[in-house]
Amino acid sequence: RQNNLQYQTTMSPSLTGGNDTSITSPISQEIDHTKPMKEKSSSTPSLSSDRSSANSLSSTMNAAATSSKNNLDSNHTPANETSETAATTATSSRAHTPITSGTSLSSVSTSSHRPTDEDSPILSPANDDDDDDDHAANAPRSYYYLTPLAVRNLPSYQYHGADLSLLYQRVLSPLAGCLVDRATPSWLAPNAITLLGLAWMATSYAIVWWHCPGLYEANDRVAGALRGSDDGSDVGDVPRWIFLFNGVAMLAYQTLDNMDGKQARKTRSSSPLGLLFDHGCDAVNSILGSANWMAAMAMVPGSLDRWMGGGGHEFETPPSAVSAAFGGDEVLAALLVLCPMIAFYVSTWEQYYTGKLILPPFNGPSEGLVLGASLSILSFLYGPMIWQSTSLVDTALDACRPVVGSSLQSWKGTVRNMDLIVLSSVLALLQEISLKIRFVLRTHGAHTLRTLLPHALLVGGFL
């Protein structure tokens, strides 16, 4: 380009006084394209007019050449400076295109690379460690759990999740969407909807605690014995309506929990803080729901022998094979508390490594809450003591007797309806966490188990 520029600014000797004033530069043709060049006739003007015309054309040529050179300097790199500029560009930019001998400098992007969801599904970028270290060094370090790099990437975090439950996809999600679109004003903050759902459950827990501070007061036989009457005749201060309220509160909480995310998308106010607040309220609610379930099933969260100073009392419920296998009703109560907590922890643990929160086809936030609400409503309709009876298993054994004979009749009267609820919760938990742990181990390696160790120690110590 430099040689071409020199060529463009070089005019023929005729401009100094020769008879031929034609210009060999291509630029001259561009400048004079409105007036085609013509050869001088033999009868030329005087020398002074010829020189004046040549000087005018020379000034125009120099101005055009200077403008072209300035544009060239500002947009392109001279050939003898290419290697130095390439080195500077490679150092100062974060473009991922390598600069080689066949790569045009104009094709190399100098804009900063922002990590996308594919680059980093969680809070840490995948490439450019040196540049990230420089940014991390300037990030605030006043956080305990978040690293400086995580603090920098937190505002751009995007939540990715899915609920594979058919109940959620066909019923719960359309219901929440309809309520958001038709009955929820745009000025209502999504976090306010989340807090309202938790308030329903907290109110229900407070009411249940007021009437059942030990969670066993709805068990007529046990409560009556503790108050001096083996038949529980003086137990009548636990109204059934509190269990109906608990069922309604659970359904309201579930619906509002499904609405807050849709409201955030509707108002374009989604944020990592909203996600943290939503999941934090869900974690708090897990213990409230478990306690209300125990009260609704008239469960005694402890050993009857220990509480009453020995066995052989008339008020004792029939012996439970499931309770004996697990180590007592106190262990069953602990499992009711731990099952939703463990499922929640493992789901979040999976999200930590995969960047996605995927709920299985049968999960706690969908089917679990609906079944829990149904349990409380049944306690309202038939009384909490229905869960202490063995009616479900006894009826099933009688129906299967023509097929299996009398081999299973020894199980009659040993499996309470409450035991079936606990067994179902444990089996659902094992199915869910086994799939999640196996997936994370297969995709991210066995070293991920170390982050499960604190929770495993907590569960083991609790049991």
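Okay, let's start with a trio: Asp 329, Arg 416 and Asp 419 are joined in a network of salt bridges. By salt bridge I mean a side-chain nitrogen of Lys or Arg within 4 Å of a carboxyl oxygen of Asp or Glu.

Before I go on, the ground rules. This is a predicted model, so local features need pLDDT of at least 70 and side-chain atom pairs count only at pLDDT 80 or more, while totals for chains, interfaces and linings use all residues. Residues are numbered from 1 along each chain as its sequence is written, and side-chain values use heavy atoms, with hydrogens and water left out.

Back to the trio. Asp 419 pairs with Arg 416 in a salt bridge, and their closest N and O atoms are 3.0 Å apart. Buried or exposed, then, for Asp 419? Asp 419 is buried, at 0% relative accessibility, and Arg 416 is buried too, at 2%. Cut-offs for that: buried is under 20% relative accessible area, exposed is over 50%, and partly exposed is in between, with a 1.4 Å probe and protein chains only.

How many salt bridges does the structure hold? Four. One of them is formed by Glu 350 and Lys 436, with 2.9 Å between the closest N and O atoms. Glu 350 sits in helix H14 (residues 329-354) and Lys 436 in helix H17 (residues 417-444), so this pair ties together parts that are 86 residues apart in sequence. Helices here are DSSP runs of H or I with at least four residues, strands are runs of E with at least two, and both are numbered from the N terminus. Both partners are buried: Glu 350 has a relative accessible area of 7%, and Lys 436 has 6%.

Then there's Asp 398 with Lys 412, where the closest N and O atoms of the salt bridge are 3.0 Å apart. That pair links distant parts of the chain, with Asp 398 in helix H16 (residues 391-404) and Lys 412 in the loop between H16 and H17, 14 residues apart. Here we're looking at partly exposed residues: 40% relative accessible area for Asp 398, and 35% for Lys 412.

Now a charged residue without a partner. Asp 278 is in helix H11 (residues 272-296). Asp 278 is buried yet has no salt bridge, and the nearest side chain of opposite charge is Arg 265, 8.7 Å away. For charge, Lys and Arg count as positive, Asp and Glu as negative, and His and the chain ends are not counted. What does Asp 278 contact, leaving aside neighbours within four places in sequence? Thr 194, Asp 257 and Asp 260. Contact means heavy atoms within 4.5 Å.

Moving to the surface. Tyr 143, Tyr 144, Tyr 145 and Leu 146 make up a nonpolar patch, with about 570 Å² of accessible area together. Patch residues have over 30% relative accessible area and no salt bridge; like charges are joined within 9 Å, and nonpolar side chains (Val, Leu, Ile, Met, Phe, Trp, Tyr) within 5 Å. The areas come from the Shrake-Rupley method with a 1.4 Å probe, and for residues only the protein chains shown count as cover. Tyr 145 is in the loop between helix H5 (129-138) and helix H6 (148-153), and Tyr 145 is exposed at 74% relative accessible area.

Most residues other than glycine have a negative phi. Leu 215, though, has a positive phi near 70°. Leu 215 is in the loop between helix H8 (190-211) and helix H9 (220-226), and is buried at 17% relative accessible area. Ala 298 also has a positive phi, of about 55°. Ala 298 lies in the loop between H11 and helix H12 (304-308), buried at 0%.

Cysteines, quickly. With a disulfide taken as a pair of cysteine sulfur atoms within 2.5 Å, the count is zero. Cys 281 is buried at 5% relative accessible area, and Cys 339 is buried at 9%.

Last, the whole chain. There are 18 helices and two strands. Of its 463 residues, 37% count as buried. Take the contacts with a separation of 6 or more: 76% of them are between residues 24 or more positions apart. And the accessible surface comes to about 26600 Å², with 59% of that belonging to carbon and sulfur atoms.

That's my tour, thanks.
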